[in-house]
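I opened my notebook for this one and jotted entries as I went. Have a look at the structure alongside me.

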Amino acid sequence: MRYYKIYVDNTRELYTYEDRENKYEIGDRVIVSFRGKQRTGLIIAQDTDEERAYKVLPIQKIVENSIKLSESYIKLLVWIKNYYMSSYEQVITAAIPSGLSIKYESFYFPRDIEEFLKTDIIDGELREYFKKRVTVTKGALTKNFGLDLINALIKMELLLREGKANITLNYSKKEELEEKEKSVYEYFKKRERVKEESLEKLFSKKELEKLLKSGDLRLEKLIKSEEEKVVEDIDEEIESRDKQLNEEQEKAKMDILTGKESFFLLKGITGSGKTEVYISIIKSAFNEGKGSIFLVPEISLTPQMIDRFKEEFKENIAILHSKLTQSERAKEWYDIYSGRKKVVLGVRSAIFAPVQNLGYIFLDEEHETTYKQDNNPRYNAKQVAIKRVELEGAKLVLGSATPSIESFYFAQKGIFKLIELKNRYNNAFLPEVEIVDMKGEESLYFSKRLLDEIRKTLLKGEQVLLLLNRKGYSTYIQCKDCGHVEECSHCSIKYSYYASQGVLKCNYCGRVKRYTGQCSKCGSKNLIHSGKGVERVEEEIKKYFDVRVIRVDSEMSKDREFFEKMYYDFLDKKYDIMVGTQLISKGLHFPDVTLVGVVNADTILNFPDFRAGEKTYQLVTQVAGRAGRGDKRGRVIVQTYQSEHPVFKRVKTNDYEGFYKEEIYNRELLEYPPFSKTLNIGISSKYEKYLEEFVKDFFRDIKYENVEMYGPMRSMVYKVKDRFRYNIFIKGNIKEINIFKKKLKLKLTNYEKNDKIRIVVDVDPINLI
């Protein structure tokens with residue numbers, strides 16, 4: 001008899017239930033009685049307590065057609081729950097799609113001869129007997145060794161064609177088994193397994209039960225899947241499409257494949273061919289029967305990546321992203337869980353894909369902040385990948401031209417193995433970067449230098465990318481007569497104006513109202529549009545050049561097919577200039593783009609965040625890498641009002657190591673990650689005065705002397721969706737932060753029933769707003 005701790009759906013704690021027949025396992029979905037009602041639950045762990053002061057109810061049964069999670073997968077979910085201070089409900093909901101139903105089929109299998117050979121029957125004299133003989137009659141064996149042994153040996157014929165036996169049995173009709181028994185064996189000669197219903201139509205249930213009892217047959221329930229021939233066809237095509245890697249790429253591949261390390265950082269300059277290294281490793285793993293997970297920051301931005309993977313892996317690739325419907329997501333998950341699909345391409349949530357025999361996890365553009373979930377559970381896919389690799393014995397490959405400071409630090413310390421690609425593929429040149437100071441320019445949008453380069457590029461029939469990391473037309477509108485600024489009534493944030501839609505929109509709560517062109521306070525039409533966005537840049541560039549311009553931002557990406565169409569239209573040169581936000585900096589490959597212009601490189605740099613310099617360097621370097629990726633030389637014009645800033649000096653010379661040394665020095669001096677761990681506690685309420693008093697008491701209640709605590713302080717955006725917000729920021733070493741988290745968890749239970757307050761803990765925060 002065993003006892004298990006079970007998560008009962010839609011509850012907060014684990015509950016102990018009894019396994020009276022010892023037939024359940026960790027990871028099973030089961031039915032239990034909970035407060036007088038039947039509820040479903042998930043077995044999380046064994047309960048090893050020797051004494052219980054309460055009555056323990058039995059597990060009733062397995063949930064029909066349910067998934068069974070592996071023990072390592074359950075450990076991963078438990079770790080996420082504890083590390084990110086979430087609930088089981090939040091973690092399980094994030095990891096496993098709703099509406100997932102697994103279909104099973106039952107199969108009869110003949111007794112495996114390899115298992116038979118492990119028994120004590122074949123030993124001693126029998127081994128010696130077969131050393132001198134190839135053909136043996138049943139009568140001779142029966143005389144010497146008995147009938148039970150002979151019945152088992154007959155089935156060795158089934159495995160001769162596989163080379164698993166080197167004996168031929170030769171017996172006459174008078175020595176045959178009983179007719180029914182013989183026909184079952186004959187039926188299995190050309191079959192490794194037979195569906196339960198198929199075999200039971202051909203042979204009596206009584207006879208099959210006899211063979212099951214003797215161990216000559218076994219009945220096993222398997223996940224319903226496609227025919228395995230599909231996989232075999234794919235294997236052949238994968239081999240035939242293998243592309244030749246250059247010497248640098250081949251070395252990187254072999255270092256990862258043969259390395260004993262578990263964690264690798266592949267630092268390759270933009271255009272160095274990291275993707276080809278990834279694909280080659282995934283193919284090698286596939287041909288060894290191992291699965292892979294490949295994560296990208298944003299699936300809709302990489303149509304060429306999707307096409308490349310589909311070209312290589314055909315039907316054996318599952319694609320997971322937020323735009324899938326629940327049924328589409330469940331189907332992909334089922335194909336992965338069943339083992340039919342061994343390669344997964346997706347965004348951060350794909351880290352939970354139940355890949356069979358996981359060999360590799362890849363994080364492309366590992367520095368991207370989109371790998372961090374911004375609602376509960378607030379997990380970071382990179383950190384989850386590290387833990388999953390540890391649990392499953394796989395390997396993790398982090399790839400980027402501009403690695404995060406933390407990742408490069410771990411590579412320098414030998415925690416990650418650093419592998420570098422220092423040359424562009426096909427010996428293409430890196431673009432030349434020029435920094436332009438905008439303080440002396442007449443235009444707020446384009447320097448004379450940038451306009452001149454755009455003109456030259458267009459005359460040569462080449463293409464241009466222009467980056468401004470702000471969507472919309474303007475970030476706020478102010479009345480010139482009364483001074484009123486249009487602001488969201490539900491959030492302490494100014495409305496952004498979207499000219500393409502004719503609306504004012506709050507970028508926090510999503511509230512939209514029609515733009516009338518008049519001040520909502522005094523009715524004046526004398527309005528000032530301040531804080532330029534990509535729509536305004538699109539409008540302004542058309543004043544200078546009568547060419548085809550396409551705009552790319554997150555508003556456009558809401559159209560499911562937009563990015564794929566945009567990519568191929570621009571690739572086919574249906575447009576001359578692309579204007580976009582940071583979305584255009586990620587992974588796009590356009591051979592005819594020879595000029596990239598960064599309209600205002602200061603938007604992130606001026607943000608009050610210790611990662612502001614890092615994010616600016618990464619964004620500008622990444623978008624610069626879109627230029628000159630073919631056989632044409634590229635140029636990059638970076639416009640800034642802070643041309644002497646160290647970040648831009650390093651961008652100009654493509655000096656990541658120099659930037660890293662300056663940044664890591666400051667991080668250590670100020671004790672920021674990777675030299676510390678951080679937490680951000682957000683407290684919100686609809687009642688402002690109540691919140692002001694509450695946060696003071698709460699701060700005193702959770703005070704812990706061995707960590708640095710800052711606050712309580714108003715959030716940068718003080719009100720969102722009618723809730724007022726405060727933050728408490730905590731910083732400390734790993735040991736003390738872990739102690740603080742345990743203390744904090746206990747304290748938080750005291751506030752669970754306070755419906756006036758909402759408390760959210762963000763572990764390893766990326767966004768401090």
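I started with burial: 53% of the 769 residues in the protein are buried, where buried means under 20% relative accessible area, exposed over 50%, and partly exposed in between (1.4 Å probe, protein chains only). This is a predicted model, in which local features need pLDDT of at least 70 and side-chain atom pairs count only at pLDDT 80 or more, while totals for chains, interfaces and linings use all residues. For my own bookkeeping, residues are numbered from 1 along each chain as its sequence is written, and side-chain values use heavy atoms, with hydrogens and water left out.

**Entry: overall numbers.** I looked up the secondary structure and found 24 helices and 32 strands; helices (H or I, at least four residues) and strands (E, at least two) are DSSP runs, numbered from the N terminus. I then read off an accessible surface of about 37300 Å², with 47% of it belonging to carbon and sulfur atoms. Those areas come from the Shrake-Rupley method with a 1.4 Å probe, and for residues only the protein chains shown count as cover. Of the contacts (heavy atoms within 4.5 Å) with a separation of 6 or more, 73% are between residues 24 or more positions apart.

**Entry: aromatic pairs.** I took rings of Phe, Tyr and Trp (its six-membered ring) as paired if their centres lie within 6.5 Å, with planes under 30 degrees apart stacked, over 60 edge-to-face and the rest tilted. The count by this rule is 40 aromatic pairs. I picked Phe 294 and Phe 309, a tilted pair with 4.9 Å centre to centre and 45 degrees between the planes. Phe 294 sits in strand S12 (residues 291-295) and Phe 309 in helix H13 (residues 303-313), 15 residues apart, and the pair links distant parts of the chain.

My next pick was Tyr 409 with Phe 675, which is edge-to-face at 5.1 Å centre to centre and 65 degrees between the planes. Tyr 409 belongs to helix H16 (residues 405-412) and Phe 675 to the loop between H22 and strand S29 (677-685), so this pair ties together parts 266 residues apart in sequence. I noted Tyr 409 as buried at 16% relative accessibility, but Phe 675 as partly exposed at 25%. I also found a cluster linked by ring pairs: Tyr 278, Phe 286, Phe 294, Phe 309, Phe 313, Tyr 360 and Phe 362.

**Entry: charge over ring.** My criterion was NZ of Lys or CZ of Arg within 6 Å of the ring centre and within 35 degrees of the ring normal. The charged end of Lys 741 sits over the ring of Tyr 83, 4.0 Å from its centre.

**Entry: salt bridges.** I counted a side-chain nitrogen of Lys or Arg within 4 Å of a carboxyl oxygen of Asp or Glu, and the total came to 60 salt bridges. Glu 332 and Lys 341 meet at 2.8 Å, N to O; Glu 332 is buried at 13% relative accessibility and Lys 341 is buried at 7%. Asp 335 and Arg 340 form another bridge, at 3.8 Å, with Asp 335 buried at 5% and Arg 340 buried at 12%.

Which helix holds both Asp 452 and Arg 455? Both are in helix H17 (residues 448-459), 3 residues apart, about one turn of the helix. Asp 452 is partly exposed at 27%, as is Arg 455 at 40%.

Entry: Most residues other than glycine have a negative phi, and most peptide bonds are trans. I therefore checked the exceptions. A cis peptide bond joins Asn 376 and Pro 377, with omega about -5 degrees; Pro 377 is in the loop between strand S15 (358-364) and helix H15 (381-392). Another cis bond joins Pro 673 and Pro 674, with omega about 15 degrees. Lys 314, not a glycine, has a positive phi of about 50 degrees and lies in the loop between H13 and strand S13 (317-320).
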